[in-house]
Amino acid sequence: MTRSKGWYISLTLVFVVLGFLLSTQFQTQQKILTALDAQKKEDLITVWKNLDDKNRALQQEMEDLDAAYRQLLAQSQEETSAVKTISDDINRLKLVSGVTPVTGPGITVTITGDAPLMFLDLIDLVNELWATGAEAISINEHRITEHTTIAEESDAFSYYITINGDKLLYPVVVKAIGDPHTLEKGLTFTGGLIDIWKTQFNIHPEVLQRETVNIPAARYFPIWVHAQIPAAQ
Amino acid sequence: MSKRWPLTLTLISIISGILLVSIILTNQAARSEAADSSNADLIEIINRLEEETLALEEMIDEKRDRIDEIREQQVEKGTLATLQSELEWLRRRTGLTQVTGPGITVVLDDNEELAAAAKANAPLTFDPNSYIIHDKDLLYLVNDLRLGGAEAISINNQRIISSSDIRCVGTVILVNSMRLAPPYEIRAIGDPEKLTKQVLNGQTFPWLKDRSFPVEIIEEESIQIPTYKGGFSTAHLQVMKGETEPDD
């Protein structure tokens, strides 16, 4: 019995070793089979070709992406500069179009109710101020725009001047922004508008240079009914 | 019992044998392929290609991320379209677009015929100023046209904007500081009937008509008024802060 017991142990050991060897061999064989070294030449060539194709496709993809990226980048820089240019234009046109209140140095011309002022005199004054370099003008808080109208009307009691259809009240204060000295001289020189007003019409306005003149925005902009922008501009 | 032992041993030997043979065969196969030098080259190429492919894939991934980033930024910049439409509106308001539409043309010309006759008849009292169109004639006519609802005005193709000045230097009329010569063609876009009515009852036209100047009003279905070509001086202008802008 002791002898046959020894056999059992030996046999078990042999089987364990054998099993170990088997599994090791199986693993090794798997490794070797998937390793490139173990491949046949034709298979290697196939792998190479596949890889090469994939590589080429990726390179193409990369080139396409690169081109798209560069284009987007240029476009985005263009947009940034376009936004800046447009913003500059908008800010400049806002100042002159009358859509925003403006401030700056300039002059005020004040005409009191006792002066025999005619509506044509006001048209002359506005025209003279533009000619002298005014950058913005208002008459009694009416901003002068392309559409400002100055007219005369009368009711049962009196004759009066209207601006944009509103009755003009005295004192009439005309404000202009621009170089104060130039604006004043442009009105008051001998033979100039104010000189003629004083000597011929007995209108004696007060012209004052101002460090700051505030001019309001236009109250409304007429909507175009008849005018159109031609399509091919 | 003892009869089974040989059988077991035989089995073990057979399995061991198969195992050994299989090991030897595998090793031989591997060695014989590896020994081929062109295979070694191929393997090197494949290894390199694999590395390159991995690197490329990484770069592509990164590039795609960057493109996405720019695209997202562009969405935020939808403001560009808004700004463009605001600019378009302002350009319209400031005479910076060509305009077309129905309206009238007023033609004013110097009274050369009467001037010649007067000069011949009474050379001593002849005043040439009585027979020419003056800056004020044009200035007041523009106001008349505005009263008639003119949406755009031009004089001899000079667009009249808010700051256009009309004046004379000697006998030359300047509009937007450009010299103009008679006949003066004043165009206005708007309701032709309303415009005509206002001009007929205005400051300039009846006065000239009464003095036999060659003047006329032509109602037109479609006229063109050019864009303002001058500049805007804004050296002293600043937007006044703290006030809301008016609605249009």
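The following legends describe close-up views of a predicted model. Local features need pLDDT of at least 70 and side-chain atom pairs pLDDT 80 or more, whereas totals for chains, interfaces and linings use all residues. Residues are numbered from 1 along each chain as its sequence is written, chains are lettered from A in the order in which they are written, and side-chain values use heavy atoms, without hydrogens and water.

**View 1. Helix α5 of chain B, residues 135-147.** Helices are DSSP runs of H or I with at least four residues, and strands are runs of E with at least two, numbered from the N terminus. Of the 13 residues of α5(B), 11 are buried, so the helix is largely enclosed by the rest of the structure. Buried means under 20% relative accessible area, with a 1.4 Å probe and protein chains only. Among the buried residues are B:L138, B:Y140 and B:R146. B:G149, with a positive phi near 85°, follows the helix.

**View 2. An open sheet of 3 strands in chain A.** The order is β4-β5-β6, with antiparallel pairing; two strands pair if DSSP finds at least two bridges between them. Strands β4 (150-154) and β6 (166-167) stand at the edges with a single partner each, so one side of each lacks a neighbour in the sheet. Strand β5(A) (residues 159-163) is joined to β6(A) by 2 bridges, and A:I163 stands opposite A:D166.

**View 3. Lysines over tyrosine rings.** A charge sits over a ring if NZ of Lys or CZ of Arg is within 6 Å of the ring centre and within 35 degrees of the ring normal. The charged end of A:K167 is 4.7 Å from the ring centre of A:Y160. B:K63 lies over the face of A:Y69, at 4.5 Å from the ring centre.

Technical notes: Expected span 1.5 Å × (residues − 1). Buried < 20%, exposed > 50% of the residue type's maximum accessible area, 1.4 Å probe, protein only.
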